[in-house]
Amino acid sequence: MEIANGIYLGELRVEITHLKSGKTIITDAPPDNQGKGESFSPTDLMSVSLGTCMLTIMGIAARTNNINIQGTKMKVSKVMGSDPRRVIEVHIVFDMPPGNYSEKEKDILKNAAVTCPVAKSLHPDIIQGVTFNYQ
């Protein structure tokens, strides 16, 4: 199923259009790889995709189990390797909104995160560090 179209704009930039919504994203190579770093790089998008997938699947689990996670914040970082140049680690930190989470609810949310489709699609050599901060 085709989901997007893209066009190379030059200067190491690509514009991607989501076919269903018409929304666009521009990627830019990072400064350490000959780019300007003025937008997400492709590896940034891969890393952010992991975090947003985790948070989306957590949202489904939260809805199913009547757990309020609205307002959950996420921080995403990545570590690049070389020979070949690649992402070797992605770290996601979830700052959960105030709430009285039971251990069972915490387990439900963690399991949802680490079993999301993107997490299961990435190569097993990529370290996926996930941290939950509960207030």
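Analyst: Of the 135 residues in the protein chain, 26% are buried. Please keep in mind that this is a predicted model.

User: What secondary structure does the protein chain have?
Analyst: The protein chain has 3 helices and 6 strands. Along the sequence they follow the pattern β-β-β-α-β-β-α-α-β.

User: What box do the C-alpha atoms fill?
Analyst: Taken along the principal axes, the C-alpha atoms of the protein chain fill a box of roughly 50 × 35 × 25 Å.

User: And what share of the contacts is between residues 24 or more positions apart?
Analyst: Such pairs account for 47% of the contacts with a separation of 6 or more.

User: Turning to the largest nonpolar core, which residues touch the most other members?
Analyst: The core has 22 residues, and those touching the most other members are L50, M54, M58, I69, F94, M96 and L109. The elements giving two or more residues to this core are α1 (42-64), β5 (86-95) and α2 (103-114).

User: Which of them gives the most?
Analyst: Helix α1 does, with 6 residues.

User: What is L109 in contact with, leaving aside neighbours within four places in sequence?
Analyst: L109 is in contact with M58, A62, I67, I69, M96, Y101, F132 and Y134. Of these, M58, I69 and M96 are also listed among the core residues that touch the most other members.

User: Now pockets. What is the volume of the largest pocket, and which residues line it?
Analyst: The volume of the largest pocket is about 170 Å³. Its lining consists of I3, A4, I16, T17, H18, K23, I25 and L45.

User: On to electrostatics. How many salt bridges does the structure hold?
Analyst: The structure holds 6 salt bridges. One of them joins D32 and R85, whose closest N and O atoms are 3.0 Å apart. D32 sits in the loop between β3 and α1, and R85 in the loop between β4 (73-81) and β5, so this pair ties together parts 53 residues apart in sequence.

User: Is D32 buried or exposed?
Analyst: D32 counts as exposed, because its relative accessibility is 57% and the exposed class begins over 50%.

User: Which residue does D44 meet in a salt bridge?
Analyst: The side chain of D44 meets that of K78, at 2.7 Å from N to O. This pair links distant parts of the chain, with D44 in helix α1 and K78 in strand β4, 34 residues apart. Both count as partly exposed, D44 at 24% relative accessibility and K78 at 27%.

User: What about K75 and D95?
Analyst: Their side chains also meet in a salt bridge, at 2.9 Å from N to O. K75 lies in strand β4 and D95 in strand β5, so the pair ties together parts 20 residues apart in sequence.

User: Which residues are linked in a network of salt bridges?
Analyst: R13, D28 and E38 form such a network.

User: Let us look at strand β3. Where does T27 stand, buried or exposed?
Analyst: T27, which is placed in strand β3, is buried because its relative accessible area is 6%, and buried means under 20%. Not counting residues up to four places away in sequence, T27 touches L12, R13, V14, I16, S39, F40, P42 and L45.

User: And I26?
Analyst: I26 also lies in strand β3 (residues 24-28), and I26 is partly exposed, with a relative accessible area of 33%. Beyond four places in sequence, I26 touches L9, R13, V14, E15, S39 and F40. The C-alpha atoms of I26 and S39 are separated by 6.5 Å, although these residues are 13 apart along the chain.

User: Lastly, where is G37, and what does it touch?
Analyst: G37 is in the loop between β3 and α1 and is partly exposed, with a relative accessible area of 40%. Not counting residues up to four places away in sequence, G37 touches D28, A29, P30 and P31. The C-alpha atoms of G37 and N68, 31 residues apart along the chain, are separated by 36 Å.

How values were computed: Residues numbered from 1 in each chain as written. Predicted model: local features only at pLDDT ≥ 70, side-chain atom pairs only at ≥ 80, totals over all residues. Heavy atoms only, no water. Core = buried A, V, L, I, M, F, W, Y, C linked by side-chain atoms within 4.5 Å. Buried < 20%, exposed > 50% of the residue type's maximum accessible area, 1.4 Å probe, protein only. Helix = DSSP H or I, 4+ residues; strand = E, 2+ residues; numbered from the N terminus. Contact = heavy atoms within 4.5 Å. 1 Å grid on protein atoms, 1.4 Å probe; cavity = no way out; pocket = protein on both sides within 12 Å on 5 of 7 lines; lining within 4 Å. Points joined across faces, edges and corners; volume = space filled by probe spheres on them. Salt bridge = Lys/Arg side-chain N within 4 Å of Asp/Glu carboxyl O.
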